[in-house]
Amino acid sequence: MAEYIENLNAYITHMKIKQTYISRKTGINTSTLSRILNESREVNISEMEKITQALGKKAEFFMNEEFTLPAYPQDDAHKVVFYAGEPTKRQEEFALHLLEMLDNAEEVLGAKGRFMMTTGE
């Protein structure tokens, strides 16, 4: 189990996933989850399944001796990253459209503010 926990912790850290997120998705109390991740409490099979499901993986993924962390797009500002696995093409397109909309909203609101300042409203 130590290998599972070690790989799980590496993945959580690498993907910047909060323990509170995992706790909410699994129903495992945050203090219990913390003890599991710190190896001060043994993880049972049911908890392993819940944790790995919440992360969009299978338990075998974290038990592999040849465990490698997935690539994480550090420099791509418009890359959409989901906590629970890879997004579908539709989810990624939707998220990119949402980001574009937010960029445009910021420009519109900024222009409105500048206009109101020049008209004295």
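I took each helix axis as a line fitted to C-alpha atoms over the stretch in contact, with the angle running from 0 to 180 degrees between N-to-C directions. The model I examined is predicted.

**Entry 1. Packing of α2 against α3**

I looked up how these two helices meet. Two packed helices are described by the angle between their axes and the distance between the axes. For α2 and α3 I noted an angle of about 115° and axes 9 Å apart. The crossing of α2 past α3 is right-handed. On the α2 side I listed Gln 19, Thr 20, Ile 22 and Ser 23 as making the contact, and on the α3 side Thr 30, Leu 33, Ser 34 and Leu 37. Sorted by class, this contact holds three nonpolar and five polar residues, with no charged residues.

**Entry 2. The two sides of α2**

I next asked which residues of α2 are buried. In this helix, residues 19-26, I found Ile 22, Ser 23 and Thr 26 to be buried. Their arc around the axis is only 100°, so they lie on the same side of α2. I recalled that an α-helix has 3.6 residues a turn, so residues three or four places apart point the same way. On the other side of α2, I recorded Arg 24 and Lys 25 as exposed. I then checked what covers the buried residues of α2, and the cover includes α1 (2-14), α3 (30-37) and α4 (45-54). Just after α2, I noted that Gly 27 adopts a positive phi of about 80°.

**Entry 3. Aromatic pairs**

Tyr 11 belongs to helix α1 and Phe 61 to helix α5 (residues 59-63), so the pair ties together parts 50 residues apart in sequence.

I then turned to Phe 62 and Phe 67, which form a tilted aromatic pair with 6.0 Å from centre to centre and 35° between the planes. Both Phe 62 and Phe 67 are buried.

Finally, I traced how the rings connect. Ring pairs join Tyr 4, Tyr 11, Phe 61, Phe 62 and Phe 67 into a cluster.

Note on methods:
Residues are numbered from 1 along each chain as its sequence is written. This is a predicted model: local features need pLDDT of at least 70, side-chain atom pairs count only at pLDDT 80 or more; totals for chains, interfaces and linings use all residues. Side-chain values use heavy atoms; hydrogens and water are left out. Buried means under 20% relative accessible area, exposed over 50%, partly exposed in between (1.4 Å probe, protein chains only). Helices (H or I, at least four residues) and strands (E, at least two) are DSSP runs, numbered from the N terminus. The arc is that of the directions from the helix axis to the C-beta atoms. Contact means heavy atoms within 4.5 Å. A crossing is left-handed if the near helix is turned anticlockwise from the far one by less than a right angle, and right-handed if clockwise. Ala, Val, Leu, Ile, Met, Phe, Trp, Tyr, Cys and Pro count as nonpolar, Asp, Glu, Lys and Arg as charged, and the others, Gly among them, as polar. Rings of Phe, Tyr and Trp (its six-membered ring) pair if their centres lie within 6.5 Å; planes under 30 degrees apart count as stacked, over 60 as edge-to-face and the rest as tilted.
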